[in-house]
Amino acid sequence: MVEVAEKSSAKIGNQTIKLTRTPHISSVGTVVGPKEGKGPYGETFDEITQDNGLGQISWDLAESKYLEKALQKALQKENLTTSDIDLYLGGDLLNQIISSNLAARNMGIPFYGLYGACSTAAEGLSIASMLVSGKFVDRILVGTSSHHHGSERQFRFPTEYGGQRPPYAQWTVTGAGAAVISLDGNGPVVKSVTTGKVVDLGEKDPYDLGSAMAPAAADTLTAHLQDTDRDPEYYDLIITGDLGLQGSSLFKDLLNENNINVETNHLDCGLAVYYSSQDVHGGGSGCACSAVIFYGDIWNKLQNNELDNVLFMATGALHSPISCAQGESIPGICHAVEISNSDSTAKSPFT
């Protein structure tokens, strides 16, 4: 007799998956560089390093060490070891996601590499939550990282070149964020995920990534609200990844065209992670930007019931230096993850 498994999820509308078995974000780890540690969220990070090279001979290796530190902190907080983890999902911004590969080499956990540029935090959280909800595995470790110097070398110019940055350029966050996702345990729960589409505004300036990503963020939020039949006010916070000054303004303009107003409950991690006095021009960016804010301050507030429901929407610019040199425009992506401080479905219109 074939046993029919309980259905773990249901598609809602066109792009959203409701998780009937809601996995917990049971533990988190965050590590940042000295510049990020001096920002408004400095006290919420697990570790602030004294230098951003971490004694390594390359920025790639330094970034991998940031990632390893964050992964280990997420494990240690729940008294776990790598042998307790079934899968590790991770990614970063560099070629062949080399920093994640180097970290995975040392972690010794079965590994899937992800590339969603700066959307990787939400991409990893989405996929891990669906895998755990479906009971394919019991416990997954997710992590992502970025490094300012490595990213400048990869996408623009090595910092040693000393090139001038336009006033709207954003500053890539140096750091890493990680989390343990499991059905058992405590912590905020993931209730649904909305997978984004690639949206291309036609932006070709590799310094104006906020504008390149904003249409994807607006598209994903619109889809999520339509799929769930909700208003933006349902959420205490709608958190975008790293739109910065340029992108946040365009994001709200595009939403206003669809009669969606997020003026009172929108937080952009790119605008939040640094003080304006820190000379970062258009704000922060990078995979770690949303990861360290969400797995730091936001996770703590959910855990302490200071927030009830949030929508985490990390954004990514899916370009390469070669595609930009060839004159190609920059595609954008955004994935949304609904997270609650309770696994109660009492407030959910799904029920």
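# Close-up views of a predicted model

**View 1. Tyr88 is a buried residue, its relative accessible area being 1%.** The coordinates shown here and in the views that follow come from a predicted model. A search of the whole structure returns 4 aromatic pairs. One of them joins Tyr88 and Phe111, with ring centres 5.1 Å apart and 35° between the planes, and is classed as tilted. Tyr88 belongs to strand β5 (residues 87-91) and Phe111 to strand β6 (residues 111-113), so this pair ties together parts that are 23 residues apart in sequence. Phe111 has a relative accessibility of 28% and therefore counts as partly exposed, whereas Tyr88 is buried.

**View 2. Phe294 and Phe312 form a stacked aromatic pair.** Their ring centres are 4.4 Å apart and their planes meet at 15°; because planes under 30 degrees apart count as stacked, the pair falls in that class. Phe294 is part of helix α9 (residues 287-303), while Phe312 is part of strand β14 (residues 309-317), so the contact ties together parts that are 18 residues apart in sequence. Phe294 and Phe312 are both buried.

**View 3. Two charged side chains lie over aromatic rings: Lys35 over Trp171 and Arg230 over Tyr234.** Lys35 is placed over the face of Trp171, at 4.6 Å from the ring centre. In the case of Arg230, the charged end sits over the ring of Tyr234 at 4.1 Å from its centre.

**View 4. Strand β3 (residues 24-32) is largely enclosed by the rest of the structure.** This description applies because 9 of the 9 residues of β3 are buried. β3 pairs with strand β9 (residues 175-182) in the antiparallel sense, over 8 bridges. Within this pairing, Val32 has Gly175 of β9 as its bridge partner. β3 also pairs with strand β4 (residues 47-48), here in the parallel sense and over 2 bridges. In β4, Glu47 is the residue that stands opposite Val31.

**View 5. The buried residues of helix α7 (residues 244-257) line one face of the helix.** The 14 residues of α7 should span 20 Å at 1.5 Å a residue, and this agrees with the 20 Å between its end C-alpha atoms. Gly244, Gly247, Ser248, Phe251 and Leu255 are the buried residues of α7. Viewed down the helix axis, these residues fall within an arc of 100°, so they line one face. An α-helix has 3.6 residues a turn, so residues three or four places apart point the same way. Leu245 and Glu257, on the other side of α7, are exposed. The cover over the buried residues of α7 includes α6 (209-228), β11 (237-240), β12 (266-268), α8 (269-272) and β14. Just after α7 comes Asn259, with a positive phi of about 60°.

**View 6. Helix α6 is largely enclosed by the rest of the structure.** At 1.5 Å a residue, α6 should span 28 Å; its end C-alpha atoms are 29 Å apart, which agrees. Asp229 follows α6 and has a positive phi, near 55°. α6 is also among the elements that cover the buried residues of α7.

**View 7. Gly241 occupies the loop between β11 and α7.** Its relative accessibility is 1%, and Gly241 therefore counts as buried. Leaving aside residues up to four places away in sequence, Gly241 touches Asp268, Cys269, Gly270, Cys289, Ser290, Met313, Ala314 and Thr315. Gly143 is 98 residues from Gly241 along the chain, and their C-alpha atoms are separated by 15 Å.

**View 8. Tyr161 is found in the loop between α5 (148-155) and β8 (171-172).** With a relative accessible area of 59%, Tyr161 is exposed. The C-alpha atoms of Tyr161 and Ser58 are separated by 16 Å, and the two residues are 103 residues apart along the chain.

How values were computed. Residues numbered from 1 in each chain as written. Predicted model: local features only at pLDDT ≥ 70, side-chain atom pairs only at ≥ 80, totals over all residues. Heavy atoms only, no water. Phe/Tyr/Trp six-rings, centres within 6.5 Å; stacked < 30°, edge-to-face > 60°. Helix = DSSP H or I, 4+ residues; strand = E, 2+ residues; numbered from the N terminus. Buried < 20%, exposed > 50% of the residue type's maximum accessible area, 1.4 Å probe, protein only. Lys NZ or Arg CZ within 6 Å of the ring centre and 35° of its normal. Pairing = 2+ DSSP bridges. Expected span 1.5 Å × (residues − 1). Arc of directions from axis to C-beta. Contact = heavy atoms within 4.5 Å.
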